[in-house]
Amino acid sequence: MKKRIVILLLLICQSSFSQTILGKWVTIDDETRNKKAIVEIFEDHGKLYGKIIDILDPEKRKQKCTKCEGADKDKPILGLTIIKGMTKKEDGYEGGEITDPNNGKTYRCMISFGGKDKLIVRGYLGISLFGRSQTWIRQK
């Protein structure tokens with residue numbers, strides 16, 4: 001009986017500390033450290049995607065992704081899906097891509113937890129050594 005109680009308590013504790021990547025995240029510019037946008041990460045057919053649902057600078061809300069290529073060319077940045085096709089790996093997410101709407105370029109992407117309610121989002125070319133990272137904070 002005691003063994004069952006201990007196992008139950010461990011499961012409750014474990015579930016209270018587990019984090020999910022799904023939800024709304026405030027993006028922080030890696031150069032200026034300013035809050036830029038809110039991205040909602042969601043799952044579709046077993047893959048993760050991230051869509052810009054708010055732009056915090058009112059002057060930039062109506063901008064279009066003029067430098068994007070393909071289907072995203074000239075789409076409004078507000079509502080643009082910038083993270084596509086991520087899959088869960090050991091202690092993070094990878095295998096997908098991220099688009100920088102400022103320059104229209106698409107990069108390979110890795111996402112990991114950087115602490116409670118923090119994500120480290122890394123976009124890179126080739127190998128992850130050649131890239132840059134941003135910290136995103138869960139929107140409360």
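Student: Is C68 buried or exposed?
Tutor: C68 counts as buried because its relative accessibility is 1%. Buried means under 20% relative accessible area, exposed over 50%, and partly exposed in between, with a 1.4 Å probe and protein chains only.

Student: What kind of model is this, and how are residues numbered?
Tutor: This is a predicted model with residues numbered from 1 along each chain as its sequence is written, and local features need pLDDT of at least 70, side-chain atom pairs count only at pLDDT 80 or more, while totals for chains, interfaces and linings use all residues. Side-chain values use heavy atoms, with hydrogens and water left out.

Student: Back to the cysteine. Which residue forms a disulfide with C68?
Tutor: C65 does, with the two sulfur atoms 1.7 Å apart; the cut-off for a disulfide is a pair of cysteine sulfur atoms within 2.5 Å. The link of C65 and C68 is right-handed, with 55° about the S-S bond. C65 is buried too, because its relative accessibility is 0%.

Student: How many disulfides does the whole structure have?
Tutor: A search of the whole structure finds one. As for another cysteine, C109 is buried, at a relative accessible area of 1%.

Student: Which residues have a positive phi without being glycine?
Tutor: Among them are H45, with phi near 55°, and D117, with phi near 60°. Most residues other than glycine have a negative phi.

Student: Where do they sit?
Tutor: H45 is in the loop between β2 (35-44) and β3 (47-55), and D117 is in the loop between β6 (105-113) and β7 (118-124). H45 is exposed at 76% relative accessibility, whereas D117 is buried at 13%.

Student: What about aromatic pairs?
Tutor: There is one. F42 and Y49 have ring centres 5.9 Å apart and planes at 25°, so they count as stacked. Rings of Phe, Tyr and Trp (its six-membered ring) pair if their centres lie within 6.5 Å; planes under 30 degrees apart are stacked, over 60 edge-to-face, and the rest tilted. F42 is partly exposed at 29%, and Y49 is partly exposed at 21%.

Student: And which charge sits over a ring?
Tutor: The charged end of K88 does, over the ring of Y93 and 5.2 Å from its centre. The test is NZ of Lys or CZ of Arg within 6 Å of the ring centre and within 35 degrees of the ring normal.

Student: Last one: where is Q134, and what is it in contact with?
Tutor: Q134 is in strand β8 (residues 131-138) and is buried, at 17% relative accessible area. Leaving aside neighbours within four places in sequence, Q134 is in contact (heavy atoms within 4.5 Å) with residues including T27, D30, L119 and V121.

Notes
Helices (H or I, at least four residues) and strands (E, at least two) are DSSP runs, numbered from the N terminus.
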